[in-house]
Amino acid sequence: MSSCNDCIKFSLNIKDPLLEFLDISTGKYRNREAKFYHAIVHLDHCLNCGSDNIVHNGHLYSNVRYPALDASLPVFIRIAKERIICRNCQTNSMAQTELVDKYCCISNATKRKIIGSLTEDWSMKSIARQTSTSTNTVQRVLEKYSPSSFEDTDWLPEYLAFDEFRGVGRQLHFIAIDGHTHKIVKVLPTRLKKDIINYFKRFPITVRNKVKTVTMDLNYYYDIMAKELFPNAQVILDRFHIVQMLNRSFNSCRIQETKKHKKGSWEYNLLKYYWKLYLKPFDDLEKVKPCYQSRLKNTLTQEQIVADGLSLNNELENTYNLMQDISKALKYRDTKKLRSLIQSKDHVGNMMHTTLNTFKRNLHDILNAAKFDESNGCLEGTNRKIKQIERTAYGYANFNHLVTRIKLEEKDAIIKEKASDYYLAA
Ligand SMILES: [Zn+2]
């Protein structure tokens, strides 16, 4: 390696043989200090007919942005593209390079860098700053890589999980993910029944028949829909949501009881300040070592506190026992016990009564929660990640941008590879 051309090509990692570097300089670009590499692309034949009977017709200069090591000093490649007129077919041609697309002044290397950055948890503004481009450029790169281009309708995962999350314009979006690999299957702009049905109806029935389980939470028509869309699938209610409903029902009962007592009284403190202990699985409560409780002015174990609190009201105690027993039956996958608990005739709080009725209506799906290992736990992680993406960007105004970004940031090596291949090929 001897010449200036070879040196620059090596350091910038450019392999295009048609491109020749002539010089380097520093200068101003839009009042900012910038580094310029001067290059020329040669053309010695007509691009239309291939004839070499040509007349040179000057150059077209363009400043192409190139990734810089130091973002405070943007790098430009000032390319002179040779223009020719063909004597044979009378057409004009202009030299092209694989460094940059035709009519574009952002190098493909910069676009690759943007795609790479979009897979990280960075805002578009900071990506634009890092790559010395504008936010619009970053958005355009994101748009080019829309997730619909990688969709096919001949496959669905065997284990599906449905949920929703709040996104663009505080609207709720529907999300379906693969329960085993945790890959996102689809994000829909709404959670309307007809949209979800329309989407899944695009898959032939033979594909839909292969779905074995669908997990979801309780407050949905998803149940009816799942049975219509996936005739062979078992609908499983999410265990986390079941426990959450039970906890909520118990809390409402506990608060009602708390309000009966005078603020600051022993009973009031017992029910109000130790709420966490009631929700803790009974087996995990500290039963041996007592501890001084300043609110109660007494030395008690956790078990004693709970027992004292529950002794205040029979209804509260029943509600507590039901919550603990159902959670335990779910944990140990005891369907027989679960069935008998849901049919329980004990006198319980109002909200717990409603919850039990809901459980009775969906008994089959609740029992499935104890029968199968699948749950929506995987979705909670995904939803957490989506929240982070929205937070980094201070919210999204465009649903497609959000979905593309979610898909890009998903730890999905294949999609990432496809994205960079796309630009390598360009
Ligand atoms: Zn020609």
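This is a predicted model: local features need pLDDT of at least 70, side-chain atom pairs count only at pLDDT 80 or more; totals for chains, interfaces and linings use all residues.
User: How is the chain divided into domains?

Analyst: There are three pieces: domain 1 covers 4-105, domain 2 is made of 148-238 + 375-425, and domain 3 takes in 239-371.

User: How far apart are the C-alpha centres of domain 1 and domain 3?

Analyst: The C-alpha centres of domain 1 and domain 3 lie 73 Å apart.

User: OK, on to the metal. Which residues are the protein donors of the zinc ion?

Analyst: Four cysteines, each through its SG atom: Cys 46, Cys 49, Cys 86 and Cys 89. They lie 2.2 to 2.4 Å from the zinc ion.

User: And what spacing do the donors follow along the chain?

Analyst: The pattern for the donors of the zinc ion is C-x2-C-x36-C-x2-C. Cys 46 and Cys 86 are 40 residues apart, so this pair links distant parts of the chain. Cys 46 sits in the loop between strand E2 (32-41) and strand E3 (54-66), while Cys 86 belongs to strand E4 (residues 75-86).

User: Are Cys 46 and Cys 86 buried or exposed?

Analyst: Cys 46 is buried, and Cys 86 is buried too.

User: What about the geometry of the zinc site?

Analyst: The site is tetrahedral, with angles of 105 to 117 degrees among the 4 donor atoms.

User: Let's switch to helices. At what angle do H8 and H14 pack?

Analyst: H8 and helix H14 (residues 350-361) pack at about 155 degrees, and their axes are 8 Å apart. That angle makes H8 roughly antiparallel to H14.

User: Which residues in H8 and H14 meet?

Analyst: From H8, the residues are Ile 242, Met 245, Leu 246, Arg 248, Ser 249 and Ser 252. In H14 they meet Met 351, Met 352, Thr 355, Thr 358 and Phe 359.

User: Tell me about Leu 246, then. Is it buried or exposed?

Analyst: Leu 246, which is in helix H8 (residues 239-259), is buried because its relative accessible area is 0%. Leaving out residues up to four places away in sequence, Leu 246 touches Met 323, Ile 326, Ser 327, Met 352 and Phe 359.

User: How far is Leu 246 from Leu 279?

Analyst: Their C-alpha atoms are separated by 9.5 Å, and the two residues are 33 residues apart along the chain.

User: How do H11 and H12 pack?

Analyst: Helix H11 (residues 302-310) and helix H12 (residues 314-331) pack at about 130 degrees, with axes 8 Å apart. So H11 is oblique to H12. Val 306, Gly 309 and Leu 310 are the H11 residues that meet Leu 316, Glu 317 and Tyr 320 in H12.

User: Now strand E9. Where does Thr 213 go, and what does it touch?

Analyst: Thr 213 is in strand E9 (residues 213-216), and it counts as buried because its relative accessibility is 2%. Among the residues Thr 213 touches, not counting those up to four places away in sequence, are Glu 158, Tyr 159, Leu 160, Ile 236 and Glu 374.

User: And Thr 215: buried or exposed?

Analyst: Thr 215 also lies in E9, and it counts as buried at 1% relative accessibility. Beyond its neighbours within four places in sequence, Thr 215 is in contact with Leu 160, Ala 161, Phe 162, Ile 236, Glu 374, Ser 375 and Asn 376.

User: Which loop holds Thr 133?

Analyst: Thr 133 is in the loop between helix H3 (124-130) and helix H4 (135-144). At 14% relative accessible area, Thr 133 is still buried, because buried means under 20%. Its contacts, leaving out residues up to four places away in sequence, are Arg 65, Ile 106, Thr 110, Ile 114, Ala 128 and Val 138.

User: Last topic, backbone angles. What is phi of Asn 31?

Analyst: Phi of Asn 31 is near 65 degrees, a positive value in a residue other than glycine. Asn 31 is found in the loop between strand E1 (19-29) and E2, and it is exposed, with a relative accessible area of 74%.

User: What about phi of Tyr 394?

Analyst: Tyr 394 isn't a glycine either, and it has a positive phi of about 55 degrees. The loop between helix H16 (377-392) and helix H17 (399-409) holds Tyr 394, which is exposed at 79% relative accessible area.

How values were computed: Residues are numbered from 1 along each chain as its sequence is written. Side-chain values use heavy atoms; hydrogens and water are left out. Donors are N, O and S atoms within 2.8 Å of the metal (3.2 Å for Na, K and Ca); water is not among the atoms, so sites may look incomplete. Four donors count as tetrahedral if all angles lie between 85 and 135 degrees; four count as square planar and six as octahedral if opposite donors are over 155 degrees apart and all others between 65 and 115; anything else is irregular. Helices (H or I, at least four residues) and strands (E, at least two) are DSSP runs, numbered from the N terminus. Buried means under 20% relative accessible area, exposed over 50%, partly exposed in between (1.4 Å probe, protein chains only). Domain bounds come from an automatic or database domain assignment. Axes are lines fitted to C-alpha atoms, for helices over the stretch in contact, and angles run from 0 to 180 degrees between N-to-C directions. Angles under 35 degrees count as roughly parallel, over 145 as roughly antiparallel, 65 to 115 as roughly perpendicular and the rest as oblique. Contact means heavy atoms within 4.5 Å.
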